[in-house]
Amino acid sequence: MDRILKLLSENSNLTYKEIATMLGEPEDYIEKQIKQYEKDGVIKGYQAVIDYDKVKGADATAYIELTVTPEKDTGFDSIAQEIMNFDEVESVYLMAGSYDLLVLVKGASVTDIAMFVAKKLSTIDAVVATSTRFKLKTYKESGIEFDSDNEEDDKRSIIL
Amino acid sequence: MINYDEVINEKIKAVKPSGIRKFFDIASEMDNVISLSIGEPDFKTPWHIREEGINSLRLGNTRYTSNKGLTELRDEICSYYRRRFNVSYKGNENCLVTVGGSEAIDLTMRTLINIGDQVLIPEPSFVCYNPLVEMADGEPVVVETRAEDKFKITPELLEKAITPKSKILVLPYPNNPTGGIMERSDLEKIAPIIKKHNIFVLSDEIYAELTYNGKQHVSIAELEGMKERTVVVSGFSKSYSMTGWRLGYSLAPKPITDAMTKMHQFGIMSAPTTAQYAAIEALKNGDKDITAMRDEYDMRRRLVVEKFNEMGLTCFEPEGAFYAFPCIKSTGMSSEDFCMELLKSKSVAVVPGNAFGESGEGFVRVSYSFSVKHIMEALKRIEEFLQERK
């Protein structure tokens, strides 16, 4: 992966200057590259990685596997498009394997999500079958281990 | 009541405790200390290496190995050294697997030193050489290296320190704490002097894989006529993040290796078996891990050096290991005062340079074996500290 993207994917708080220093490149070059990535849609946005298990009243999360019948001209794209329009839907992926679309859904409660699946997703004509899996706990996300906060987990002792 | 003071060996009592220790005892009492003081990689041992260790346990490889270490491991060490540093050794003649590089340093001192022999030790450097020389009845002779020489050993410094009693020169490069390295041209300048005075070299190459700016480490053993008077000491701790496995090695002429093995055999028996199996995997398939870790250290290195220079603490550009050694003389404080004040007012721990020898006075050692996020926070606090004192 591009070294700029790698750094940003690990820590999007870095300034152009800091990235330039770390990579040994001129600052204006780094700035230009990042702006280009943003313009080209390579960089889609900058978000915090949040451990929702630690947030009171946070949403429930479910991964829903959908088996769908592809449309004649548009294949999976138009169905994916329809599904991603729902506010509840956070991510949609086309998968290889035993089902077609993987949909990440957030809702205020497990019941809310169940209702969303029953009333909104299952009723789409092209959807043949759904299989809903609720997330219980996050161990690692976006390369960050949630249980052992790296900084606090520094068990290195002082030797010499 | 037993008077333990009378019981304990006089030589051991005379050894000065590590200067770093004293400072850390204070830091460890404090809450929320953000440290840039640890001399150990922050990466975990790569998983495929850990897996081989686990697998060896599954297979029941829980006994001693031969005293010198597993034959396959010694052969792999030699093939690695040939591949990386262009020096040829034979696994069954020249290699001894030890409990960390530290044991190999201790064995070298005890094997080569006769009473009163002088050992030349460049400083600032890691704290173990002096006490180990003293314990072996040798006399440590400090060679003070300077920031203006990039903390290298120059021919002039070396010539000045040599006496008829000089027996060993310690070459601790890439250097902890300065990050200084000895390049081929630097080594070529001192090799003739070493040969002329019939001195041996203990080349501590534990940080050999961590060099930057495209400057590949050069072992002095590679130079014409040096292999026969050099003991190379290295290990797995720094290059593969394997500190806790306690595994190192020495590469030396056969008679020296045999003598060292004798002491190792009586004192240690054999290095940890599980670690030896994991190390074979590291040498066979670990090159990519080294590259990844080195690249990561390199980015942090650039960041740290730049920030210190911006703050007005002149920082010589380290080209090896994972330490920066900024000069704090502009603050008017001694190294210890600087570190103590910084610790008290900003809860940031760095190590006073004089812990690594008197010539380290006026400097502090900053380790960058921490995450970028951690480093940035510590640097921010150091900057505030400097601002407030202006």
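How are α13(B) and α15(B) oriented relative to each other, roughly parallel or roughly antiparallel? I shall come to that after a word on the source.

This is a predicted model, in which local features need pLDDT of at least 70 and side-chain atom pairs count only at pLDDT 80 or more, while totals for chains, interfaces and linings use all residues. Residues are numbered from 1 along each chain as its sequence is written, and chains are lettered from A and ligands numbered from 1 in the order in which they are written.

The axes of α13(B) and α15(B) come within 11 Å and cross at roughly 10 degrees. Axes here are lines fitted to C-alpha atoms, for helices over the stretch in contact, with angles from 0 to 180 degrees between N-to-C directions. The two helices are therefore roughly parallel to each other, a term for angles under 35 degrees. Helices are DSSP runs (H or I, at least four residues), numbered from the N terminus.

From α13(B), the contact (C-beta atoms, placed from the backbone, within 7 Å) is made by R300(B), L303(B), V304(B), K307(B) and M311(B). From α15(B) come V372(B), I375(B), L379(B), I382(B), E383(B) and L386(B). Eight of these residues are nonpolar, none polar and three charged. Ala, Val, Leu, Ile, Met, Phe, Trp, Tyr, Cys and Pro count as nonpolar, Asp, Glu, Lys and Arg as charged, and the others, Gly among them, as polar.

Let me turn to the contact between the chains. Chain B contributes 15 residues and chain A eleven. On the chain B side, α3 (19–29), α13 (287–311) and α15 (372–389) each supply at least two residues. The most come from α13(B), with four. That side comprises seven nonpolar, four polar and four charged residues.

Terms used:
Contact = placed C-beta atoms within 7 Å. Parallel < 35°, antiparallel > 145°, perpendicular 65-115°, else oblique.
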